[in-house]
Amino acid sequence: MKNSLYIFLLIFLVSCTSNTIFEKPDDLIPKDTMSLLVQEMSIATSAKYMNNKNLEKRVNYMPLVYDRFGIDSLRFQTSNLYYMSKIDLYQEIFTNAKNNLEKQKSVFDEIKKRTDSLRADSIKKIKDFKTNKIPKDSLKTRKKLIQEDSLKPTL
């Protein structure tokens with residue numbers, strides 16, 4: 001009885017594993033385009049909770065991504081399902097998307113670093129200017145220098 005239970009359990013576990021590979025759809029999105037699409041979709045989903053230009057939050061940007069690539073959500077879903085059945089291709093797509101996002105992040109971090117340093121320099125100059133007030137006597141001194149220059153004979 002005990003042995004038959006183990007055999008039944010072994011058969012059950014073996015039969016549960018699925019190696020289902022779906023047929024390649026007719027309108028399959030190419031692998032490189034799929035990588036760009038995943039990259040744009042991750043940006044769109046993360047931008048959903050940020051304020052946009054009109055100070056609006058919770059805006060769904062996915063239709064814009066689909067329009068940009070000229071696809072619809074059904075085509076993406078069928079292509080995504082096919083690539084999910086081929087885990088090596090799916091992993092490669094997401095690795096490429098992640099690498100591209102990291103490159104973009106490093107570029108934007110460098111730009112932000114430059115603009116922050118420029119902003120800090122301008123704030124420092126303003127503070128220095130405000131602390132170094134022009135003395136009141138300097139205006140009188142400047143007027144005297146101008147008058148003396150005008151009285152000197154020109155050569």
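Q: In this predicted model, is R114 buried or exposed?
A: A residue counts as exposed when its relative accessible area is over 50%. The relative accessible area of R114 is 54%, so R114 is exposed.

Q: Which residue forms a salt bridge with R114, and how is that residue classed by accessibility?
A: The closest N and O atoms of R114 and its partner E110 are 3.7 Å apart, and a salt bridge requires a distance within 4 Å. Both residues lie in helix α5 (residues 87-131), 4 residues apart, which is about one turn of the helix. The partner, at 37% relative accessibility, is partly exposed; the residue is E110.

Q: How far apart are the closest N and O atoms of K112 and D116?
A: K112 and D116 are both in helix α5, with a spacing of 4 residues, or about one turn of the helix. D116 has a relative accessible area of 32% and is partly exposed. The two residues form a salt bridge, and the closest N and O atoms are apart by 3.1 Å.

Q: How many residues apart in sequence are the parts that the pair E40 and R68 ties together?
A: The side chains of E40 and R68 meet in a salt bridge at 3.1 Å, N to O. E40 belongs to helix α2 (residues 31-47) and R68 to helix α3 (residues 62-69), so the parts tied together are apart in sequence by 28 residues.

Q: How many salt bridges does the structure hold?
A: Side chains of opposite charge can pair when their charged atoms come close. Among the salt bridges here are E40 with R68 and K112 with D116. The number of salt bridges in the structure is 5.

Methods:
Residues are numbered from 1 along each chain as its sequence is written. This is a predicted model: local features need pLDDT of at least 70, side-chain atom pairs count only at pLDDT 80 or more; totals for chains, interfaces and linings use all residues. Side-chain values use heavy atoms; hydrogens and water are left out. Helices (H or I, at least four residues) and strands (E, at least two) are DSSP runs, numbered from the N terminus. Buried means under 20% relative accessible area, exposed over 50%, partly exposed in between (1.4 Å probe, protein chains only).
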